[in-house]
Amino acid sequence: MRTLTYAQAIREAHAQLLAEDPRVFLIGQGVRNPWYAGTSLQDLDKEFGRERIIDSPVSENATTGAAIGAAITGMRPIVFHPRMDFMLLAADPIINQAANWSYLFAGQVSVPVVIRAVINRGGEQGAQHSQAMHALFAHVPGLKVVMPSTPHDAKGLLIAAVRDGNPVLYIDDRWLYELDGEVPDMLYEVPIGAGVLRRTGKDVTVVATSYMADEATKAVETLTERGIDVELIDLRSVKPWDRNLVYSSVGKTGRLVIADAAWMSGGIAAEIAASVVGEIFHALKAPIARVCLPDAPAPTAAVLERAYYVGAEDIVASVEKVLA
Amino acid sequence: MTVQKNRVVSLPNEQMLSFFRGMQRIRRAEERIGELVQSREVRTPCHLSIGQEAIPVGICAALKSTDTVWGGHRSHGHYLAKGGDLNAMMAEVFGKATGCARGRGGSMHLVAPAQGVFGTVPLVAATIPLAVGAGLSAKLQGTGQVAVAFFGDGATDEGHFHESLNLAALYRLPVLFVCENNLYSTHLTLKERRVKDNIGDSATLHGMAGVVLNGNDVTAVYLAAHQAAHRAGTGEGPTLLECRTYRWRGHVGPAADLEVGVDRQCELHEWQRCDPIELCRDLLSAGGVSAARLAEVSAEVSEEIEAAVRFARQSPCPDESELLHHVYASRRGV
Ligand SMILES: Cc1ncc(C[n+]2csc(CCOP(=O)(O)OP(=O)(O)O)c2C)c(N)n1
Ligand SMILES: [Mg+2]
């Protein structure tokens, strides 16, 4: 099959959705920006015109609110935030409005909007240009949150998000943009809420989100060489998340390591750990381990960044710990 | 709102010479940072203000040392003009422990509390309301301090700008809103972001004083800031200063953005003919200051910058053990 990079897969999903459905449009600060979107939105304006590909003023609150209003009245907007940090200026339309309207008005009004936020970290960018705040949004009833880690899922989840009929936060990570993978050329959906088993194994379950799923794949290689048989789950959706898949895997292995490159306190990993303990406590043979970021803002200096971010090595160490 | 034309007002040579030096320091420091980024010795994302130096220098010359300034992603000039230590800035850019933020911030997060620079941060418009808060604090405490919000034309796209102007006007706060209108927000021109080129009109709208001025004329900037600071300090409330200028380099990094397809070659050449430093040099020459004296100043500045680079290079990196320090303040407020 044909391969695309993660960024190209996102672009293809946009292009096909725009071609398929005249209600789809794209709005946000930096849509045509040469730095922010990589190739993930490249030349969409040339293909679909600037009426539908709207590179906006620096007005996150108004553009997101406007997209929500357009969604309520029949469109299928995708809002682009080149960094999740900037999206916080749109907290009101996302959390107070989009998330609530279906419930608030007893299902008579819905908000079929996709809000795309890029996690773009490292490179000495620091505290306000690197935050991974998916847990904050996953906390909110009424929002769905997806985090693809492969080109295949990047495309399929965007399509599913646009067609979902609910406000969906689509979170992609710049660290994955150059990753290659097989991508079907037709329009297809990856179901929201479904995780995927990347590898079956019997010793320990590793559940990973976003780029940590890619790091986990590398960790598995090392661990396999050391004779450890890992079962690897790529969560893909963090709200709702695939409880059945995680429970059945941990039910089998009895050990769980959760890798989520966001702050540890109050994060997705904590949610998964609490659910596993609450639902299948007796299956556990060892304490659950979390591989997350320390509870501190991101520093800039290279030395501090190295100490701050987590990757394959940290997963390896945690797996060995729960097996010790 | 008043629109200022270029006026011939002559300030004493000594004062003009200090403007000349101040602008040279910013330019030379930023040129050097650009080179260091290009050679990859330095990795910090840097936003250079080359071409805009008259604004921080003119504004800060009208301030007291206790006044505060607030900036954004493009704030080397604000930090330096307000008296921030050059060595500490250079070390910060290098990510060293001797940096003004001990290597936690890089170019986009500069700080010098003792000089009234409580922080520059790269979320567009974020510090405009903070400056309003500094004005409120000064008013409530009766300190006579003035707060300056430095921000770009792009920041006026955000609600922060409009809400902040209203608050400051409503409570007659001692705030200078300094919009460095360089006609771009990243790759987008002002025309692509608003119907009219009328940021300065926001002053009228909010019932506050406002001026639109040539931001490359350091004298004009200084005089306007002087008046605005006087008004602020005497309880007459805030002023919006729209300073028209142009950034010579690209949005981020040392290049000019021509390479990423921003079509601005002609414009750039035109603006380079209104170089704030050359304008100042002409006035100094006309005022009888010798070319030799000006060359001497430039040489002194270059040496100061090189010394700062040496300092930064020789400084130690922060220690990994510091990673979790200062997430919370270590002292209780008093
Ligand atoms: C809230 C927020 N939105 C978007 C950005 C991305 N961004 C960084 S600088 C910039 C342009 C700002 O333009 P302007 O305020 O005119 O300042 P200039 O770069 O021209 O100095 C943008 C959009 C950001 N940093 N913060
Ligand atoms: Mg600008």
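User: What makes both faces of β10(A) count as covered?
Analyst: Val204(A), Val206(A) and Ala208(A) on one side are buried, and so are Thr205(A) and Val207(A) on the other. Buried means under 20% relative accessible area, exposed means over 50%, and partly exposed lies in between (1.4 Å probe, protein chains only). With 5 of its 5 residues buried, β10(A) is mostly covered. This is a predicted model: local features need pLDDT of at least 70, side-chain atom pairs count only at pLDDT 80 or more, and totals for chains, interfaces and linings use all residues. Residues are numbered from 1 along each chain as its sequence is written, chains are lettered from A and ligands numbered from 1 in the order in which they are written, and side-chain values use heavy atoms, without hydrogens and water.

User: Why are β10(A) and β13(A) called paired strands?
Analyst: Two strands pair if DSSP finds at least two bridges between them. Strand β10 (residues 204–208) and strand β13 (residues 256–263) of chain A have 4 bridges, in the parallel sense, so they meet the criterion. Within β13(A), Leu256(A) is the bridge partner of Thr205(A). Strands (E, at least two residues) and helices (H or I, at least four) are DSSP runs, numbered from the N terminus.

User: What joins β10(A) to β11(A)?
Analyst: There are 5 bridges between β10(A) and strand β11 (residues 230–234) of chain A, and the two run parallel. One of the partners in β11(A) is Asp234(A), bridged to Ala208(A). Strands of a sheet pair through backbone hydrogen bonds, either parallel or antiparallel.

User: What makes β9 and β14 of chain A edge strands?
Analyst: The order of this open sheet of 5 strands is β9-β11-β10-β13-β14 (chain A), with mixed pairing. β9 (196–199) and β14 (289–293) of chain A each pair on one side only. Direction ignored, neighbouring strands here are turned by 25° against each other on average.

User: Which helix packs on this sheet, and what does it touch?
Analyst: Helix α11 (residues 268–280) of chain A touches β10, β13 and β14 of chain A, and its direction makes about 150° with that of β13(A). Contact means heavy atoms within 4.5 Å. Axes are lines fitted to C-alpha atoms, for helices over the stretch in contact, and angles run from 0 to 180 degrees between N-to-C directions.

User: Why is Tyr171(B) called partly exposed?
Analyst: Its relative accessibility is 42%, which lies between the limits for buried and exposed, so Tyr171(B) counts as partly exposed. The residue sits in the loop between α6 (159–170) and β5 (175–181) of chain B.

User: What makes the nonpolar surface patch at Tyr171(B)?
Analyst: Leu167(B), Leu170(B) and Tyr171(B) make a patch of about 300 Å². Patches consist of residues with over 30% relative accessible area and no salt bridge; nonpolar side chains (Val, Leu, Ile, Met, Phe, Trp, Tyr) are joined within 5 Å, like charges within 9 Å. A salt bridge is a side-chain nitrogen of Lys or Arg within 4 Å of a carboxyl oxygen of Asp or Glu. Accessible areas come from the Shrake-Rupley method with a 1.4 Å probe, and for residues only the protein chains shown count as cover.

User: Is Ser107(B) buried or exposed, and why?
Analyst: Ser107(B) has 0% relative accessibility and therefore counts as buried. It is in the loop between α4 (86–93) and β3 (117–120) of chain B. Leaving aside neighbours within four places in sequence, Ser107(B) contacts Thr44(B), Pro45(B), Cys46(B), His47(B), His76(B) and Val93(B).

User: What separates the C-alpha atoms of Val301(B) and Arg25(B)?
Analyst: They are 5.8 Å apart, although the two residues are 276 residues apart along the chain. Val301(B) lies in helix α11 (residues 291–314) of chain B, and at 1% relative accessibility Val301(B) counts as buried.

User: What kind of peptide bond joins Lys239(A) and Pro240(A)?
Analyst: The bond is cis, with omega about -10°. Pro240(A) belongs to the loop between β12 and α10 (243–253) of chain A.
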